[in-house]
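Here is a report on one protein model. Keep the structure open as you read.

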Amino acid sequence: MMAYELRGWTTFYFLSLTFIFKALADPQSVAIGGLFDNIFSQEHGALRHSLYQHNIHINDSNTQVYVKADIKNYELVDIFGLGESLCGLFNFDGGIYVVVGVSTSTLMPTIKSYSNRFNIPYITPSLSGTGLLSNETDFQLYLRPSPIPVLAELILSHRWDSLHYMYDDLEGLYRLERLLEVAVDRNFNVYPLHMREAENVRPFLRKVIASQQLHIVIDTSSIDRTETVLTQALQLGMVTDKYHFIVLDFDMKNINLENFTYGGVNITGLDMVNESDPRYGDFRNTWLDITNKYSGRVPHIGYIKFQAVLIYDSLSVIAEAFKLMHADNVVISSKATQCDSHHLKQWSDGKKFLHYLKQVDTHGLTGRIQFDANGRRKNYSINLLSLVRDPDSNRTKLSKTRTWNSSVSKELSVGKDGEIHRPRGDNANRSEERRVGKECRSRWSPYH
């Protein structure tokens, strides 16, 4: 049954790509790996769709590179299955250049170990790299930016002296730790509330009410969890102009806030997706067609998830890396690595390809894409969403109000004395999460 469904899912892409490949005059054929937890997930579909879009426009690019993918699926709780899947990708006949895949904070150390050992870059949309020790020799690239720098500036611009931080997973804990560093420097208090996945969030919200604390940061592992927190806050009477919620989920705009429009509550969300980009429209329409065709087997979500958009952007990064190599007249050939108990053989050109991936400067559906030496996003922009009253309907709706750019915060850092300093010497190596501006309001640009 599963094999049948997989064939149904991929037939359109397979036939289309085969036709394109035969029609082209000897393009360079390269293979990448894909690693997902569900063959019917949007992330899986995003990679296949981006491959299709890239390959039908090969002649429009500066270098003709036909990209094919070997995709494997594993359960996000199965560390042994993860190792087998990675070895299967690394042993792919002819070799792969890079793996694009989902992960969790728990599994990322295993992925990092395999990726570094075999010199195969791994691009993930799932994590920002926060809390993970990394250096310039690591082969991981993180497409998801950390929301902590923009959160820190929001806190400082609002002049909050305290807040509750509600989180439910390990990645949230890592982000909390980075925020606490800023809190110590800038003298505001953070009260953590760890919501375990199976627990009801209502007792935590009651603690917030009892504390008379009016500022709440919501950092959850899924959009459904975020919606649960907001819904129960509504039921407890917290949707008033006294409270201010900051939601760190980049899918915030997809929550139905119909019941929040009259209470006057302050809700701030984050967004990076350029929905006016024609590529986004193509992907969305394709996903809706697949959802309708395979109703009952493909989950009907109704919107494109941020993580799926990042997967789509990953192919833009890979294609740009090949363009840079072409411009430098650099040719890299991949060869199958050996990943078994008796033979371990790494890719000899892996470091060269990693170098070009980190040199990429391109624009995707999430804006400008660049990486620092450690493989984390830099020079990115985040749109701030707020509930704004519509004068025509006299109702409030979630709208873009301001834009924050990380390239500005890079120029300033918070010193141990709580004052703002320009980085010099060792201070220049402070983590991005600790770089916040002295004049916060000057760092925001109005959204037009």
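**The whole protein**

This is a predicted model. The protein has 448 residues, and buried residues make up 55% of them. Its secondary structure comes to twelve helices and 20 strands. How far apart in sequence are the residues that meet? Among contacts between residues at least 6 apart in sequence, 69% join residues at least 24 apart.

The table sets out their spans.

| Helix | Residues | Number of residues | End-to-end C-alpha distance | Expected span |
|---|---|---|---|---|
| H8 | 223–235 | 13 residues | 18 Å | 18 Å |

For H8, the reach from first to last C-alpha is close to the value expected at 1.5 Å a residue.

Now look at what surrounds them. The buried residues of H8 are Ile 223, Arg 225, Thr 226, Val 229, Leu 230, Gln 232 and Ala 233. An α-helix has 3.6 residues a turn, so residues three or four places apart point the same way. What covers the buried residues of H8? The cover includes strand S6 (162–167) and helix H7 (202–211). Strand S8 (215–219) and strand S9 (244–247) are also part of the cover.

H10 is largely enclosed by the rest of the structure, because 18 of its 22 residues are buried. Is Ser 314 buried or exposed? Ser 314 is buried, with a relative accessible area of 0%. That value is under the 20% cut-off for a buried residue. Leaving aside residues up to four places away in sequence, Ser 314 touches Val 100, Ile 123 and Leu 143.

Just after H8, Gly 237 has a phi of about 80 degrees. After H10 comes Asn 329, with a positive phi near 55 degrees.

**The largest pocket**

H8 and H10 turn up again here. Each supplies at least two residues of the lining of the largest pocket. The pocket holds about 1,300 Å³ of space. How many residues line the largest pocket? The lining has 42 residues. Those nearest the centre are Leu 76, Asp 169, Ser 221, Ser 222 and Gln 307. By class, 16 of the lining residues are nonpolar, twelve are polar and 14 are charged.

**A three-stranded sheet**

Three strands form an open sheet in the order S13-S14-S15, with antiparallel pairing. Strand S13 (362–364) and strand S15 (377–378) stand at the edges. Each has a single partner strand, so one side of each is left without a neighbour in the sheet. S13 pairs with strand S14 (residues 367–371) over three bridges. Gly 364 stands opposite Gly 367 in S14.

Finish with Lys 378, in strand S15. Lys 378 is partly exposed, with a relative accessible area of 29%. Not counting residues up to four places away in sequence, Lys 378 touches Gln 370, Phe 371, Asp 372 and Ser 406. Lys 378 and Leu 143 are 235 residues apart along the chain. Their C-alpha atoms are separated by 9.7 Å. Leu 143 is one of the residues that Ser 314 touches.

How values were computed:
Residues are numbered from 1 along each chain as its sequence is written. This is a predicted model: local features need pLDDT of at least 70, side-chain atom pairs count only at pLDDT 80 or more; totals for chains, interfaces and linings use all residues. Side-chain values use heavy atoms; hydrogens and water are left out. Two strands pair if DSSP finds at least two bridges between them. Helices (H or I, at least four residues) and strands (E, at least two) are DSSP runs, numbered from the N terminus. Buried means under 20% relative accessible area, exposed over 50%, partly exposed in between (1.4 Å probe, protein chains only). Contact means heavy atoms within 4.5 Å. The expected span of a helix is 1.5 Å times one less than its number of residues. On a 1 Å grid over the protein atoms alone, a cavity is a set of points where a 1.4 Å probe fits but cannot get out, and a pocket is an open set with protein on both sides within 12 Å along at least five of seven lines; lining residues have an atom within 4 Å of a point. Grid points are joined across faces, edges and corners, and a volume is the space filled by probe spheres set on the points. Ala, Val, Leu, Ile, Met, Phe, Trp, Tyr, Cys and Pro count as nonpolar, Asp, Glu, Lys and Arg as charged, and the others, Gly among them, as polar.
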